[in-house]
There are 2 protein chains.
Amino acid sequence: MRPQTPGYSFRVTSVCGHARAGVLTTPHGDVPTPTFMPVGTQGSVKTLTPTEVADTGARVVLGNTYHLWLRPGPELVAAHGGLHGFAGWPHSMLTDSGGFQAFSLSERQKTTEEGFAFSSHLDGKKMFLSPEEAMRVQGLLGADIAMQLDICPPGQAPRDEVGAALERTTRWARRCLASKRADQAVFGIIQGGTHEDLRLSHAAELGELPFDGLALGGFSVGEPIDDMHRTVAAVAHRVDPERPRYLMGVGTPRDLVASIVAGVDMFDCVLPTRNARNGQALTRFGRVVLKQARYREDLRPIDESCPCPCCRGGFSRAYLRHLYIAKELLVLRLVSAHNLTLYGQLVADARASIAAGDLSGFTARWAAAGTDREHA
Amino acid sequence: MRPQTPGYSFRVTSVCGHARAGVLTTPHGDVPTPTFMPVGTQGSVKTLTPTEVADTGARVVLGNTYHLWLRPGPELVAAHGGLHGFAGWPHSMLTDSGGFQAFSLSERQKTTEEGFAFSSHLDGKKMFLSPEEAMRVQGLLGADIAMQLDICPPGQAPRDEVGAALERTTRWARRCLASKRADQAVFGIIQGGTHEDLRLSHAAELGELPFDGLALGGFSVGEPIDDMHRTVAAVAHRVDPERPRYLMGVGTPRDLVASIVAGVDMFDCVLPTRNARNGQALTRFGRVVLKQARYREDLRPIDESCPCPCCRGGFSRAYLRHLYIAKELLVLRLVSAHNLTLYGQLVADARASIAAGDLSGFTARWAAAGTDREHA
């Protein structure tokens with residue numbers, strides 16, 4: 001069944017193998033795909049202003065419903081005209097359902113067919129997250145794209161547990177669609193762990209529902225990385241080609257490259273900003289781990305070919321290392337902008353390479369990015 | 001004796017009462033005075049980029065010699081072409097002598113006529129700061145303006161201790177001038193506590209030496225605030241009018257207003273950036289203390305009349321409060337830029353008001369700034 005949300009569309013503009021480039025349109029503008037969505041957990045992409053985030057090429061920011069629901073509360077966000085007004089972000093936004101964090105961060109959970117009961121990790125307050133509540137809260141947050149509430153089993157859960165999660169996810173998918181805001185897009189979430197057959201049948205099942213996009217959830221949750229790559233490679237290109245395909249919570253540059261080749265359009269991950277705060281700058285040539293003594297007198301920027309404000313600003317590795325060791329907050333911003341720029345460049349190169357029919361050039365250019373190799 | 005450092009000049013362009021507006025010229029450009037110098041302790045004005053600092057109107061940044069001497073070491077800074085290249089700051093810079101921090105932060109100090117012996121607060125390493133070493137380190141840091149090494153007695157030290165400090169400061173003044181870089185300006189530091197006669201005689205004594213500027217040191221070190229204001233009012237306008245007068249480590253907006261009226265040209269203080277990191281935004285109408293519950297649903301910016309990126313960016317007090325409580329680093333930057341913009345506006349208004357001969361309008365406009373009153 002085709003999605004019907006007004007103001008939303010997705011069109012594929014180029015295909016190369018299973019990879020595709022396209023444009024996702026929301027009421028907040030066009031999003032060229034493949035796209036990487038920086039994570040703004042609590043209403044801010046950590047350390048950066050909206051302008052700086054947009055300057056990395058990002059056109060969608062992800063907000064975490066669980067965090068914003070607990071603090072400051074969705075009503076206050078709604079009073080600002082939604083998350084766009086609250087955080088000052090003019091482009092598109094997506095919120096997750098809150099289920100993943102409710103399960104992983106909260107205390108005293110109990111899951112039933114009705115939803116998750118849990119206690120807030122902040123103050124112990126008892127909360128209940130049902131499909132209807134997930135849509136109500138996301139409706140107040142007012143992102144362009146909401147996610148259905150799903151059940152995400154652990155990475156190496158037994159097949160019958162994965163199957164049960166998948167079935168409940170489908171039932172919750174119908175409840176989410178029945179209670180969604182008419183003007184808000186909603187994506188369904190395909191589960192199935194690393195079982196290709198379960199993934200494919202769930203993809204077909206959710207494809208029958210009028211979701212505006214389809215996500216692959218339940219990856220990068222503890223399973224071996226090669227199992228994830230194998231499953232994504234087998235499944236992604238068989239998810240409805242007319243809707244955007246979103247691989248949730250993934251990943252490293254290497255994960256993005258492999259998944260784009262497999263046919264994925266959208267990604268989100270805390271890795272670029274979290275690694276930045278740990279003093280790790282990512283480059284196409286490997287990492288720069290700022291605390292290492294080798295950079296103590298290194299007058300070069302992180303990456304001479306990088307267009308980010310940190311590399312263009314003339315800040316040397318020695319200076320950044322000094323700031324990191326001296327616990328100066330400026331370095332966290334500079335490296336966050338650098339790492340997100342790398343992700344922005346990766347997806348921009350993917351779009352251009354797909355349009356040019358040159359996937360092998362794309363994969364070759366990014367072969368060393370995000371590996372454990374140190375940048376020379 | 002007139003200063004002789006090439007590339008430096010100071011001219012007074014307007015006088016109004018004791019207050020004056022002028023232009024300090026260094027090899028890195030013109031600095032309109034009165035000026036406020038943000039503090040970049042460890043090679044960074046905390047949380048902000050050089051561009052953001054300049055956008056607040058600042059044209060001089062202060063670096064702390066003690067901190068940079070200990071870490072990363074002045075040789076590394078020199079390898080970057082000095083502090084300008086290290087920190088990416090294109091305008092003028094000033095470094096303090098390191099004496100104040102060596103005295104207040106380090107361990108196991110011993111002061112003799114030769115200098116300060118102390119152990120680093122970072123690693124216990126034994127260091128020795130003499131007038132010659134202060135000039136050598138500042139020469140490597142390469143700021144436009146260096147400060148002489150001085151003796152700063154505690155705020156309410158007995159008169160004989162203040163007198164002895166002052167005499168040694170004069171002897172160290174001569175040693176600093178004898179060992180300074182020929183192309184680096186040096187300011188002398190007038191001591192004397194809150195003893196007007198000691199301050200005046202020391203001002204006259206140091207005025208005989210070829211310093212490029214004269215500072216009032218040893219204020220805001222524990223003495224009653226009214227004693228400071230009284231002393232500055234009595235002394236500042238009697239310091240050589242042909243050289244810039246710099247009140248070190250001061251202060252609140254109220255302190256700046258009173259001291260500008262008294263004839264001071266230059267200020268530095270950590271207050272605007274430190275208060276920002278404590279969640280206190282300063283405005284002309286009083287403070288906004290972000291953690292207060294009164295701002296929980298306040299959709300207004302900190303100050304609707306403020307041109308800073310935080311107030312112009314549409315960030316509400318409720319949003320900033322949320323970020324502060326959620327420990328999101330973005331808020332520290334936004335409020336730091338806001339507070340430094342307030343200081344930039346204060347000194348810009350001083351310059352315009354002095355030129356217009358309207359000191360009373362200036363003092364009236366800033367009467368509520370920096371007080372403990374809460375902004376409505």
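Predicted model: local features only at pLDDT ≥ 70, side-chain atom pairs only at ≥ 80, totals over all residues.
Local features need pLDDT of at least 70 and side-chain atom pairs count only at pLDDT 80 or more, while totals for chains, interfaces and linings use all residues. Residues are numbered from 1 along each chain as its sequence is written, with chains lettered from A and ligands numbered from 1 in the order in which they are written.

Chain A splits into domain 1 (35-269) and domain 2 (280-365), the bounds coming from an automatic or database domain assignment. Their C-alpha centres sit 28 Å apart. Across the boundary, 16 residues of domain 1 are in contact with 15 residues of domain 2 (contact: C-beta atoms, placed from the backbone, within 7 Å). On the domain 1 side, β4 (35-37), α1 (50-55) and α10 (253-261) each supply at least two residues; helices (H or I, at least four residues) and strands (E, at least two) are DSSP runs, numbered from the N terminus. The largest share, five residues, comes from α10(A). By class, that side has ten nonpolar, four polar and two charged residues (nonpolar: Ala, Val, Leu, Ile, Met, Phe, Trp, Tyr, Cys and Pro; charged: Asp, Glu, Lys and Arg; polar: the others, Gly among them).

As for the helix pair, α6 (residues 131-141) and α7 (residues 159-179) of chain A pack at about 40°, axes 8 Å apart; axes are lines fitted to C-alpha atoms, for helices over the stretch in contact, and angles run from 0 to 180 degrees between N-to-C directions. That makes α6(A) oblique to α7(A) (under 35 degrees is roughly parallel, over 145 roughly antiparallel, 65 to 115 roughly perpendicular, the rest oblique). P131(A), E132(A), A134(A) and M135(A) of α6(A) meet W172(A), R175(A), C176(A) and S179(A) of α7(A).

Notes:
Contact = placed C-beta atoms within 7 Å.
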